[in-house]
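Q: Hey, can you walk me through this one? I'm new to it.
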Amino acid sequence: MKSRASGSTRHRTRRAILEAMVDVIMETDGIGFSVQAVADRAGVTHRTIYNHFPTRETLCDAFSDYVDGLLMASSGAPEPTWSLASIPLLVEDLYRTLALRDRHARAYVMLMIGNRRPMSAWRKRSLMAEKLIAREQSGRIPLTPRQVTAVIRMFVSTMGWHLLTEQCGLSTDEAAAASAWATRTLLDAAIGKGTTKRTARPSSSPLHPSQGGANATRRRRN
């Protein structure tokens with residue numbers, strides 16, 4: 001019983017630290033955020049944070065995985081099975097899910113920019129996409145699978161959603177439609193025209209928010 005209570009306390013402390021990071025990152029734009037500031041916001045000591053996350057890098061990666069888990073929970077779907085044909089559909093669902101966790105998603109983007117390195121969730125999905133593209137890429141284009149993946153990941157990502165909505169002023173629905181089109185066009189050029197032709201969305205499409213689009217559209221900025 002004591003062990004179970006101890007585990008529950010550890011889980012709550014860990015969650016409090018990661019939630020505190022959202023506020024601290026948003027206040028500092030993710031540039032050189034203070035671990036002590038996170039500790040103060042979470043109501044724990046500096047030492048407690050390092051008991052849970054031995055290095056700053058593990059703390060950042062844990063935050064990445066935490067936000068990724070929240071997004072999956074908001075989508076109401078399991079981890080998607082990626083295929084080249086499904087990627088344009090995934091980007092539409094991804095953007096609408098990001099709008100449901102706006103603050104967490106933008107804190108993740110700010111942290112990635114501030115750290116100037118990809119987070120663990122980004123690295124994982126980029127590798128998945130690169131393997132798919134490497135298997136089917138046409139030899140007619142002068143790019144490596146890594147280059148094609150990098151360009152596509154600019155759209156199929158939290159970063160793409162952030163830039164199109166925050167910087168370009170598109171609504172989430174507008175950004176989703178534009179990114180799906182761009183992704184489909186890039187994939188068709190890379191692996192053969194028509195390969196990723198739009199198909200009807202299956203009822204169990206991964207990353208599709210169960211809320212039916214609630215809060216999916218952001219107001220256009222002035």
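**Helix packing and confidence**

A: Helices here are DSSP runs (H or I, at least four residues; strands are E, at least two), numbered from the N terminus. This is a predicted model, where local features need pLDDT of at least 70, side-chain atom pairs count only at pLDDT 80 or more, and totals for chains, interfaces and linings use all residues. Residues are numbered from 1 along each chain as its sequence is written, and side-chain values use heavy atoms, leaving out hydrogens and water.

Q: Okay, what angle do H4 and H5 pack at?
A: About 105°, with the axes of H4 (residues 56-75) and H5 (residues 87-100) 9 Å apart. Axes are lines fitted to C-alpha atoms, for helices over the stretch in contact, and angles run from 0 to 180 degrees between N-to-C directions.

Q: And which residues make the contact?
A: Leu71, Ser74 and Ser75 from H4, with Thr97, Leu98 and Leu100 from H5. Contact means heavy atoms within 4.5 Å.

Q: What about H6 and H9, how do they pack?
A: H6 (residues 102-115) and H9 (residues 158-167) sit at about 105°, axes 10 Å apart. That makes H6 roughly perpendicular to H9. Among the contact residues are Tyr108 and Met112 of H6 and Trp161 and His162 of H9.

Q: Where do the axes of H7 and H8 come in, and at what angle do they cross?
A: The axes of H7 (residues 120-136) and H8 (residues 145-153) come within 9 Å and cross at roughly 125°. H7 and H8 are therefore oblique to each other. Residues that meet there include Trp122 and Ile133 in H7, and Val148 and Ile152 in H8.

Q: Switching topic: how many salt bridges are there?
A: The count comes to eight, taking a side-chain nitrogen of Lys or Arg within 4 Å of a carboxyl oxygen of Asp or Glu. One of them joins the side chains of Arg41 and Glu27 (2.8 Å, N to O). Arg41 is in H2 (residues 35-42) and Glu27 in H1 (residues 2-28), 14 residues apart.

Q: Last one: what's the average pLDDT?
A: The protein chain averages 81, and 81% of the residues score at least 70. pLDDT is the predictor's confidence in each residue, from 0 to 100. Over residues 199-222 pLDDT stays under 50. Where pLDDT is low, the predicted coordinates should not be read in detail.

Note on methods. Angles under 35 degrees count as roughly parallel, over 145 as roughly antiparallel, 65 to 115 as roughly perpendicular and the rest as oblique.
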